[in-house]
Amino acid sequence: VSSAQTDDGPTKKPGSASAFQRDRNVSVAERPHPEYQALGLRAGAFMIYPKVTETISYDDNIFASSTDGVSDWIFQTTAAMSAVSNWSRNALDAHASVTASDYAHFGALNTTDYDVGANGRLDVVGNSNIYGGVQTGRYTIPFTSLAVPSNAATPEQYLQTAGDIGAVQELNRVRLTERFDIANY
């Protein structure tokens, strides 16, 4: 069950008969592979999907400098959780994640990013729905980005809060979509 946000609302659940469903010709690489999907934990009308990822990497130029390459080991831990409704109509999902990046020798570069959000869809009639979502987080801009000054000594971080609301009305072969987005950086 997917509730990923698209430009016309969270995706419909399997079995919805929409004239605009575009999954008839799916490439082999894009086909769903349920045998590799996480089983999740049932919590009433929701499925909970926890995930922890550990990454160790070595960077021979951590400041993305064109003259002096300074190297270091980076230990990154990500803890994430999503909750997805398994209702036959309507949909609700929420997610949260925290990523800590720790440098072995350059502790001033350590960062902690987070992301929290929720999306929902209210099915009105047939394939018509109202949807919306909110999200907030703190993110780090990598040194390799052109937005970071070349002499920056510490990572640049920013806060972002965003929301959207929209509606979809399907009338046979005509689809009307309205959407309003707002973001604050």
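Trainee: What order do the elements of the chain follow from the N terminus?

Mentor: They run β-β-β-β-β-β-β-β-β-β. This is a predicted model: local features need pLDDT of at least 70, side-chain atom pairs count only at pLDDT 80 or more, and totals for chains, interfaces and linings use all residues. Residues are numbered from 1 along each chain as its sequence is written, and side-chain values use heavy atoms, without hydrogens and water.

Trainee: How many helices and strands make up the secondary structure?

Mentor: Zero helices and 10 strands. Helices are DSSP runs of H or I with at least four residues, strands are runs of E with at least two, and both are numbered from the N terminus.

Trainee: Why are strand 5 and strand 6 called paired?

Mentor: Pairing requires at least two DSSP bridges between two strands. Strand 5 (residues 72-85) and strand 6 (residues 91-103) have 11 bridges, so they pair, and they run antiparallel. Within this pair, A83 stands opposite A94. Five residues lie between the strands of this hairpin, and N90 takes a positive phi near 65°.

Trainee: What makes strand 7 a partner of strand 6?

Mentor: The same criterion of at least two bridges applies.

Trainee: What share of the chain counts as buried?

Mentor: 26% of the 185 residues. Buried means under 20% relative accessible area, with a 1.4 Å probe and protein chains only.

Trainee: What share of contacts comes from residues 24 or more positions apart?

Mentor: They account for 52% of the contacts with a separation of 6 or more. A contact means heavy atoms within 4.5 Å.

Conventions
Buried means under 20% relative accessible area, exposed over 50%, partly exposed in between (1.4 Å probe, protein chains only).
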